[in-house]
Amino acid sequence: MREVIVAANWKMNTTPADAPGLARAIAAAIAEPEVVRVICPPAISLAAVAAALDGTGVAVGAQNVHAESAGAYTGEISASMLAGLATWAIVGHSERRRDQGETDELIGRKIVRCVEAGLRPILCVGEQLAEREAGHADRTVRGQVEAALAVALRAGPFPAGLVVAYEPVWAIGTGRTARGADAAEIAAVIRAAIGHVASVAAAEATPVLYGGSVTSTSAAEYLAEPAIDGAFVGGAGLKPDEMAAIVGRAALTARARRGA
Ligand code: PEP
């Protein structure tokens, strides 16, 4: 039985002064232990948020990790530096693919660094609007998953604890959302890709989240899909009441899966 996960990506929002208070407020609103809950603050606030979340059961994630272990990379942060502060790391977010030109090969190396440092990677994948409109969403996502995992699998076994977040680029921060059935279809594509490069067992064990303008209103549509194991939340992840409703809905899914 796969975990049900809700991860909040705060992006470049909050300051070290206000992040711990917000983290505490969200943690208090999402006290649902059946759901794996993760907050990913800006790197500069990781230590303060980790301290604020201590004992709450809510995990801390980094928004990025460098593809090398150490060295002359001014301003960068390695996986081993993050390891004491975070237990998760986002890799391959579409905003970094777009703004930093991150490639699937680089993202694959980031997965390797995460595994070495004991961080659980959240691999973000998703198609552009033009690719969806051309009927190529499945081809794009399959390519992203297979290419990143091929790099990781050259370095070792299937990445421990990997989670994949399906995030159609046209749905991120736009208020537009994928239909639940379409998201489930791409979740199946992601599992087929994992099965192709790794194994069916790895594919079946890997949680797939949906991300892209998820709110308290839209969350149920995704969390009702058996192929989707949770939500990856941006804007709504900064709002305790929104997070409470999303995690509350995720808890229903987790309990239904347990047969409780
Ligand atoms: C994201 O940050 O990946 C995201 C899904 O953002 P939003 O929920 O704001 O669309």
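**A ligand and its surroundings**

An oxygen atom of the ligand sits 3.3 Å from an N or O atom in the side chain of Asn9. That is a polar contact (a pair of N or O atoms within 3.5 Å). For the side chain of Glu167, the distance is 2.6 Å. Taken alone, the ligand exposes 290 Å², and the protein buries 95% of that. Such areas come from the Shrake-Rupley method with a 1.4 Å probe.

This is a predicted model, in which local features need pLDDT of at least 70, side-chain atom pairs count only at pLDDT 80 or more, and totals for chains, interfaces and linings use all residues. Residues are numbered from 1 along each chain as its sequence is written, and side-chain values use heavy atoms, without hydrogens and water.

Which residues come nearest to the ligand? They are Lys11, His93, Glu167, Gly173 and Ser213, out of 15 around it. The shell divides into five nonpolar, eight polar and two charged residues. Asp, Glu, Lys and Arg count as charged; Ala, Val, Leu, Ile, Met, Phe, Trp, Tyr, Cys and Pro as nonpolar; the others, Gly among them, as polar.

Now look at the backbone of Lys11. Lys11 lies in the loop between strand 1 (4–9) and helix 1 (19–29). Helices (H or I, at least four residues) and strands (E, at least two) are DSSP runs, numbered from the N terminus. Most residues other than glycine have a negative phi. Phi of Lys11, however, is positive, near 50°.

Notes:
Near = heavy atom within 4 Å. Polar contact = N/O pair within 3.5 Å; in protein donor to acceptor, adjacent residues only side chain to side chain.
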